[in-house]
Amino acid sequence: MEVPLSRYHNLVVDQIHSSCSLPSSLSDPIFFQHKSLFSGYCFSFNRRKWRNPFSGIMCSSPMERGLKPRPKLKPFKMQKETPLEEPQILKQSAGLCNQIEKLVLCKRYQEALELFDILELQGDFEVDSSTYDALVSACIGLKSIRGVKRVFNHMTKDGFEPDLYMRNRVLLMHVRCGMMIDARKLFNEMPEKNLVSWNTIIAALVDSGDFMEAFRLFLIMWQEFSEGESRIFATMIRASAGLGLIFSGRQFHSCAVKMGVDQDIFISCALIDMYSKCGCIEDAQFVFDEMPKKTTVGWNSIIAGYALHGYSEEALTMYYEMRDSGVKMDHFTFSMIVRICARLASVKHAKQAHAGLIRHGYGSDIVANTALVDFYSKWGRIEDARHVFDKMPSKNVISWNALIGGYGNHGRGNEAIELFEKMLQEGMIPNHVTFLAVLSACSYSGLSERGWKIFESMRRDHKIKPRAMHYACMIELLGREGLLDEAHALIKSAPFEPTANMWAALLTACRIHKNLELGKFAVEQLYGMEPEKLSNYVVLLNIYISSGMLKEAAGVVGTLKRKGLRMLPACSFIEVNKQSYLFHSGDKTHAQKEAIYRRVDDLMEEISKHGYIGEEKSLLPDVDEQEERILLYHSEKLAIAFGLINSSDGTPLQVVQSHRVCSHCHSTIKLIAMVTGREIVLRDGSRFHHFKDGFCSCGDYW
């Protein structure tokens with residue numbers, strides 16, 4: 001590649017940012033007795049070395065050169081064996097080296113490597129340690145594997161013998177650019193190693209997930225040095241967290257305390273992370289409380305620890321403490337909070353986090369914005385999700401997957417497919433999660449023909465092998481159309497052992513279409529895979545009840561009692577005026593209970609005028625059987641009645657519940673949405689249900 005040299009000739013000191021300063025060259029370097037660190041790479045070192053280019057210049061005295069009172073300078077006499085061009089070449093090469101170092105100081109790494117191209121094209125010249133050091137920084141900054149190979153090959157061909165500092169820098173260059181095989185070879189061939197060498201390779205092993213090898217090298221290092229800096233302890237604490245070894249983590253904690261480095265910020269953050277991942281959140285909190293200065297990373301670590309163990313409210317509380325403390329929040333902070341809000345179904349807190357994200361200058365951050373798209377999609381705000389998605393300056397495959405899955409969960413399969421096709425048009429490469437999202441959208445919306453085309457394109461066009469979850473989507477598509485035998489045949493023809501999800505999809509189809517025999521067979525398969533999963537028994541119980549087989553239903557109830565499996569009481573949440581309210585079935589504790597029950601009775605009377613007939617033989621799929629006696633006052637009905645009382649006309653209602661909505665309530669809510677003119681969004685344990693004008697987005701298949 002030719003790079004015009006004139007491009008760099010105009011680079012002067014005034015163009016360099018005031019914060020940039022030139023590094024001092026390493027003086028009096030110590031060279032190793034070994035021929036080279038890079039001997040294992042079979043490069044030739046038998047090449048001519050440059051002599052001092054000025055050694056051939058011999059100056060005579062002024063009188064010998066015949067100078068007169070008004071002297072006219074005569075040219076220097078040069079020895080014949082030294083070419084005149086040699087100092088000119090060296091001078092030009094030295095100038096290029098200086099320019100490379102200046103460019104690297106200003107973080108103009110690509111231009112620095114382009115200048116290095118010119119040096120390579122010129123051929124024989126010397127590059128000193130400071131220039132190689134700058135080139136190493138350029139390669140690290142660009143994560144350029146090609147740059148690493150070029151610089152490394154030039155070092156070896158030039159006969160450059162690095163001192164210990166440069167050997168460690170070359171090792172770090174390979175590590176940072178992900179060249180671990182070469183890094184291990186370099187490390188093993190180092191004639192001398194110090195703590196920096198060991199820290200670099202051990203940290204690289206931990207970062208790559210090779211925790212056991214990191215432990216092995218640490219023990220070797222400890223035998224040699226019997227000491228360590230704070231960074232190595234922080235690294236090994238991370239390795240302990242990766243393996244879930246609380247015992248070794250505590251040992252490293254003790255060593256850090258004995259050596260007086262336990263207050264080091266890196267060690268403190270690593271300890272918080274380790275204790276959190278090992279299930280000791282109290283110890284993590286203790287370490288956090290003892291930190292002399294709580295940094296952004298420290299706050300993020302303890303918040304993530306609480307979130308990891310499901311303590312969402314505690315994590316949110318820590319977030320507000322972090323905000324009040326004045327510590328700067330980063331995009332990881334906001335990404336975590338958005339995910340925590342998704343668990344809590346708190347749109348209010350999520351919107352606050354969204355506003356904080358923009359206010360703190362992370363409005364274009366891809367990770368945080370993807371978390372927002374995912375949150376809004378999961379909690380019924382699909383238009384908000386699309387708005388955030390469209391505003392993103394750059395998107396990755398996770399961003400596309402989040403919105404495609406959101407459309408699918410909301411029963412908007414056509415829009416999910418359109419977005420999938422747009423993703424392909426823009427050159428984004430889909431992964432198996434992408435296909436799971438779009439196939440789920442097809443199955444939720446009953447788009448059989450489109451679904452099969454996409455399924456077949458996975459292997460044919462995108463070379464992605466379908467997995468069990470993809471097969472489950474296709475089984476559900478067949479089940480929607482009542483093709484139960486074909487669904488069963490697809491399970492048997494799968495190129496792997498059928499999974500519980502595949503049999504569960506078939507079981508759901510059997511429940512909808514009341515196919516008792518095939519349903520019993522599917523349940524038997526599920527019993528063997530998930531003998532303690534309550535929902536499998538309850539679906540079979542519903543099939544028996546809907547078929548009038550009460551004796552068999554009683555047998556299922558008996559099995560549940562023998563296994564000690566108990567159906568949990570149902571509950572529903574609704575957010576009104578930015579405040580969440582919880583209702584249980586038959587709830588009598590609410591302050592507005594009389595008005596709520598009266599509104600439910602009025603609604604039932606109103607929808608009966610539109611042809612509603614109560615269903616007597618339906619049982620909630622995964623809740624207490626006693627609730628059959630209070631069918632009229634299931635938790636979702638109470639939540640909807642409360643929302644109608646306390647919100648203005650036309651305001652959409654959003655209800656969240658942990659259990660799958662029963663068929664009785666599903667039919668009731670469709671008619672309530674029609675007679676009240678409200679849009680009601682219900683997220684149950686299965687999917688989203690958008691009720692509007694007497695219809696549901698699920699197509700009565702859930």
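Modeller: A residue counts as buried when its relative accessible area is under 20%. By that cut-off, 49% of the 702 residues of the protein are buried. Keep in mind that this is a predicted model.

First, the setting. The protein has 32 helices and six strands. Among contacts with a separation of 6 or more, 66% join residues 24 or more positions apart. The exposed surface comes to about 35200 Å², and carbon and sulfur atoms supply 53% of that area.

Now the cavity. Rolling a probe the size of a water molecule over the atoms shows where empty space is left. Searching the whole structure turns up one cavity of 30 Å³ or more. The largest cavity holds about 30 Å³ of space. Its lining consists of Val-600, Leu-603, Met-604, Lys-637 and Ile-672. Helix 30, residues 593-608, gives the most to this lining, with three residues. By class, the lining has four nonpolar residues, no polar residue and one charged residue.

Last, confidence. Mean pLDDT for the protein is 81, and 83% of the residues reach 70 or more. Two stretches call for care. Over residues 1-91, pLDDT stays under 50, yet the model has 107 contacts beyond four places in sequence for them. Residues 617-625 also stay under 50, with 35 such contacts. Where pLDDT is low, the predicted coordinates should not be read in detail.

Methods: Residues are numbered from 1 along each chain as its sequence is written. This is a predicted model: local features need pLDDT of at least 70, side-chain atom pairs count only at pLDDT 80 or more; totals for chains, interfaces and linings use all residues. Side-chain values use heavy atoms; hydrogens and water are left out. Helices (H or I, at least four residues) and strands (E, at least two) are DSSP runs, numbered from the N terminus. Buried means under 20% relative accessible area, exposed over 50%, partly exposed in between (1.4 Å probe, protein chains only). Contact means heavy atoms within 4.5 Å. Accessible areas come from the Shrake-Rupley method with a 1.4 Å probe; for residues, only the protein chains shown count as cover. On a 1 Å grid over the protein atoms alone, a cavity is a set of points where a 1.4 Å probe fits but cannot get out, and a pocket is an open set with protein on both sides within 12 Å along at least five of seven lines; lining residues have an atom within 4 Å of a point. Grid points are joined across faces, edges and corners, and a volume is the space filled by probe spheres set on the points. Ala, Val, Leu, Ile, Met, Phe, Trp, Tyr, Cys and Pro count as nonpolar, Asp, Glu, Lys and Arg as charged, and the others, Gly among them, as polar. pLDDT is the predictor's confidence in each residue, from 0 to 100.
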